[in-house]
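This report describes how one protein chain is put together. The sequence and the model come first, and the text follows.

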Amino acid sequence: MTTPTTEKRRAVGSLTALLSAHAISQTGNVITAFAIPFYVLGLGGTGVEVGIAAFFSTVPVVVGGALGGVVVDRVGPRRAAIVADLISGATVLSIPILALTVGLPFWALLVLVFAGGLLDTPGQTARRVMLPRLTERAGIRLERSVGLLDGSERLARMIGATVAGLLVALMGPIAALFVNAATFAVSALLTWLFVAPAPAAAQTDVQASDEPSGYRRDLAVGLRFVIHDPLMRLIVGLVLITNLMDAARGSTLLPLYANDRLGGAAALGLLVAVMGGCALLGNIAFGFVAHRVGRRVTLVVCFTIAGGPASAAFALSAPLPVLVAVTALAGLAAGALNPILGTVELERVPEHMRGRVFGLVNAGAWAGVPFGALLGGIAADTIGLNWAFGIIAVVYTAATLTPLLGGPWRQMEKQPVASAILEQ
């Protein structure tokens, strides 16, 4: 006979396994983000070519997010997460194998980078969809579990940046890609062995809500929900702009800056690790006070600190200790962002639609990322690194102050019960 204590212990174990799988999978993505730019530079590539490679690594995030959410709803999030990890791992593994055997021209690298990232977003979406039920069964506040999921990503960036920086500096980008492929396999294995399937009642709810209707109609229902929700539209718009700036900075400008002025991958690994570690600390600290503070003002303050000062420091060619300090401050502030936005989205979206809605929200928020990475490379080769970072600092700050204008942003403080009216 299963007691409530035993059931809760199992739920906590499943939640822990889910967070661990997410962290390991994200660690692999960080390693890829390091390895690919330095692989291109090692072949004699220019800043534009680094930007093109970053473009092809981020476009599939948008495509996979938009089209993969319906699949998550239909096949179930647990199965979707496992399959996504396995396919992504196999694709990434082919990059170093081909490079070491028959050779890997630039165009083929772009194809494989695109294919390797195509299922990343559906896999992330699937793990996020599983979070609320595991949280409820484990007896944990939703804000805290969302913070833990975000914290696992922060931890992944910290560990992945350190490992990738050392691997690239000591052994080259090819070795880093082998490690990346292994992380996907471990993530899939953890999910398969230790994350419990959704209870029968939960699956019945999904099936009852999702009448046989066809892929396109299900996708349209999710899109209609996002378009008709004014707060969701604003969130997507704001994060689209900031993600575009972050992509230009993180995917292209920072690798170029580190390679040109800081001595290479090791310095970049230090900065990304500091950002990830401080964001993790900020995330943990925020988890204890999230239910006591106003979401909108907190979002504005933390968002502005997370983007503007660090970019300005790079624009002014500050020395490495200063760059580390402002990056640490940005990380602490960034730790509060995803827990706030993630909780608001989970509160507003009906459970049976979360896969497709979250996929579409992620696709919209990431729509500017490929262009940000590409524009970052173009800006570096035309106006220079300092001016590029300066423009980012100004645009980022202006965008992140917009929630103070009010309007639908005030709905962040509420916890509305999501309705299925758009299904009709």
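Contact here means heavy atoms within 4.5 Å. Leaving aside neighbours within four places in sequence, Leu299 is in contact with Leu337, Ile340, Leu341, Trp409 and Met412 in this predicted model.

Leu299 belongs to the largest nonpolar core, which has 76 residues; Leu299 and Leu109 have the most contacts inside that core. Helix 10 (residues 230-262) gives the largest share of this core, 12 residues. At least three residues of the core come from each of domain 1 and domain 2. Another core, of 31 residues, lies apart from it and includes Leu15, Leu134, Leu219 and Val361.

The chain is divided into domain 1 (1-195) and domain 2 (229-410). The table lists values for this pair of domains.

| Item | Value |
|---|---|
| Separation of the C-alpha centres | 19 Å |
| Area buried between domain 1 and domain 2 | about 4,000 Å² |
| Share of the buried area on carbon and sulfur atoms | 69% |

Across the two domains, 45 residues of domain 1 are in contact with 52 residues of domain 2. Of the area that domain 1 buries against domain 2, 17% is supplied by Arg128, Glu143 and Arg154, more than by any other three residues.

Three salt bridges are counted between domain 1 and domain 2. Arg128 forms a salt bridge with Glu345, where the closest N and O atoms are 2.2 Å apart. Five residue pairs are in polar contact across the interface of domain 1 and domain 2. Among the elements that give two or more residues to the side of domain 1 touching domain 2 are helix 1 (4-42) and helix 5 (120-138). The largest share of that side, 17 residues, comes from helix 2.

Key
Residues numbered from 1 in each chain as written. Predicted model: local features only at pLDDT ≥ 70, side-chain atom pairs only at ≥ 80, totals over all residues. Heavy atoms only, no water. Core = buried A, V, L, I, M, F, W, Y, C linked by side-chain atoms within 4.5 Å. Buried < 20%, exposed > 50% of the residue type's maximum accessible area, 1.4 Å probe, protein only. Helix = DSSP H or I, 4+ residues; strand = E, 2+ residues; numbered from the N terminus. Domains from an automatic or database assignment. Buried area = accessible area lost by both parts, 1.4 Å probe. Salt bridge = Lys/Arg side-chain N within 4 Å of Asp/Glu carboxyl O. Polar contact = N/O pair within 3.5 Å; in protein donor to acceptor, adjacent residues only side chain to side chain.
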